[in-house]
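Please read the following briefing with the sequence and the model side by side. The points are grouped by topic.

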Amino acid sequence: MSVRLPLRRDDWRLMGRTARLVLGGPVYALVALVAAAVALAGFVLSGNPTTVGDALAGRIPPGLLLELFPFVGTSYGTLTGSVVVLVAALVGVDIAMVAYHVREHRLSAEGSGGSLLGVVLGTLGAGCAACGSAVVAGLLSLVGAAGLATLLPLDGLEFALLALVALLLSIHWLADGMRGGEIRGCPVDAKK
């Protein structure tokens, strides 16, 4: 089994066309939107458990939770906030494509395992970006290597960038799996 990477221009065009065709269906667009919103909320809120706990306990107004989101509050810089929002958007696109592929092409979880793995990796990676290197330091301390987290030059953003790669690979493999087929009556293949 060979692993195809999106190295050619046609691969990126196929990914874009396939995602556009899938998201052109209102149900799958809604799935992508909800999944992206849930992913973004999960990334942001999981990085601030104390504030979420205070809001749930009524010690602070729940509206303050909005201040935790990128571009609303000051929790994220421009670069980190942009990457977290991009990862959340790609999680939405990926989940919509997985749902379409599984539902419309009657695939099992085994057949789309690479895509599901991409979603899981993307979620974990974005979560790490959201909470910074604190989680990484905690995990590394379990194996006695907590000091390694301080070596990360981007302060945990590396994991979000890895998540972007994992999600793009997942979307590529999904689009490649749908190559030659049709989505809503339109051919998937991007070649003219």
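In this predicted model, the buried residues of helix α2 are Tyr-28, Ala-32, Ala-35, Ala-36, Ala-39, Leu-40, Phe-43 and Val-44. Viewed down the axis of α2, these buried residues fall within an arc of 155 degrees, so they line one face of the helix.

**Helix α2**

- Helix α2 covers residues 26-46, which amounts to 21 residues, and the distance from its first C-alpha to its last is 29 Å, close to the 30 Å expected at 1.5 Å a residue.
- On the face of α2 that is turned away from the buried side, the exposed residues are Pro-26, Val-27, Leu-30, Leu-33 and Val-38.

**Packing of α4 and α7**

- Helix α4, made up of residues 78-104, packs with helix α7, made up of residues 157-178, at an angle of about 25 degrees, and their axes lie 9 Å apart.
- Because angles under 35 degrees count as roughly parallel, α4 and α7 are described as roughly parallel to each other.
- The crossing in which α4 passes α7 is left-handed, and the residues of this contact divide into 21 nonpolar, 4 polar and 1 charged.

**The chain as a whole**

- The chain contains 7 helices and 2 strands, and when it is read along the sequence these elements follow the pattern α-α-α-α-α-α-α-β-β.
- Of the 192 residues in the chain, 39% are buried.

**The strands and the loop between them**

- Glu-182 belongs to strand β1, which comprises residues 182-183, and Glu-182 counts as exposed because its relative accessibility is 52%, where the cut-off for exposed is over 50%.
- Although Glu-182 and Thr-18 are 164 residues apart along the chain, their C-alpha atoms are separated by 9.4 Å.
- Gly-185 sits in the loop between β1 and β2, the latter being residues 186-187, and Gly-185 is likewise exposed, with a relative accessible area of 56%.
- From C-alpha to C-alpha, Gly-185 and Leu-21 are 9.6 Å apart in space, while in sequence they are 164 residues apart.

Definitions and conventions:
Residues numbered from 1 in each chain as written. Predicted model: local features only at pLDDT ≥ 70, side-chain atom pairs only at ≥ 80, totals over all residues. Heavy atoms only, no water. Helix = DSSP H or I, 4+ residues; strand = E, 2+ residues; numbered from the N terminus. Expected span 1.5 Å × (residues − 1). Buried < 20%, exposed > 50% of the residue type's maximum accessible area, 1.4 Å probe, protein only. Arc of directions from axis to C-beta. Axes fitted to C-alpha atoms, helices over the stretch in contact; angles between N-to-C directions. Parallel < 35°, antiparallel > 145°, perpendicular 65-115°, else oblique. Left-handed = near helix turned anticlockwise from the far one by under 90°. Nonpolar A, V, L, I, M, F, W, Y, C, P; charged D, E, K, R; others polar.
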